[in-house]
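Please keep the sequence and the model in view while reading.

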Amino acid sequence: MSVVKINVLTVPAEQRETLEKRFASRAHAVENSDGFEWFELLRPVEGTDSYLVYTRWRDEESFQAWMEGPMKAAHQGGDAGSGERPKPAASGSTLWSFEVVQQAAPTGA
């Protein structure tokens, strides 16, 4: 079964727009990765300053290959104009890992 990775990003209110714009500018960056199944960026609604970055992968090996390849390269890139890497929008990050043991989908009623 699939694995789910949820990156919990602590994002101060003044950095929310920056974070969302950065994810939007990298739209489709993960979609062609071998073993990739799903992505969602979840904005907090109330009571927290944590965004959730939800990805689902065929297996742990697919996730690790993406982490060591495309994701690593994307995070090492700098600002093309200044040659400097932009300051992170998040002030903290925690990665949660899960195995999918049950799932359900709409039955098409």
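Is Asp34 buried or exposed? Asp34 is exposed, with a relative accessible area of 58%, where buried means under 20% relative accessible area, exposed over 50%, and partly exposed in between (1.4 Å probe, protein chains only). The model is predicted, and therefore local features need pLDDT of at least 70 and side-chain atom pairs count only at pLDDT 80 or more, while totals for chains, interfaces and linings use all residues. Residues are numbered from 1 along each chain as its sequence is written, and side-chain values use heavy atoms, with hydrogens and water left out.

**Salt bridges**

A salt bridge is taken here as a side-chain nitrogen of Lys or Arg within 4 Å of a carboxyl oxygen of Asp or Glu, and by this rule the model has six salt bridges. Among them are the pairs in the table.

| Pair | N to O distance |
|---|---|
| Glu60 and Lys5 | 2.8 Å |
| Asp34 and Arg58 | 2.9 Å |
| Arg58 and Asp59 | 3.5 Å |

The side chains of Glu60 and Lys5 meet in a salt bridge. Glu60 belongs to helix α2 (residues 60-76) and Lys5 to strand β1 (residues 3-10), so this pair ties together parts that are 55 residues apart in sequence; helices (H or I, at least four residues) and strands (E, at least two) are DSSP runs, numbered from the N terminus. Glu60 counts as partly exposed at 29% relative accessibility, whereas Lys5, at 5%, counts as buried.

The salt bridge between Asp34 and Arg58 links distant parts of the chain, with Asp34 in the loop between α1 (16-25) and β2 (36-42) and Arg58 in the loop between β3 (50-57) and α2, 24 residues apart. Arg58 counts as partly exposed at 39% relative accessibility, and its side chain also meets that of Asp59 in a salt bridge. Asp59 is likewise partly exposed, with a relative accessible area of 23%. Through salt bridges that share partners, Asp34, Arg58 and Asp59 are joined into one network.

**Ser50 in strand β3**

Ser50 is found in strand β3 and is buried, with a relative accessible area of 19%. When its neighbours within four places in sequence are left aside, Ser50 is in contact (heavy atoms within 4.5 Å) with Val8, Leu9, Thr10 and Pro44.
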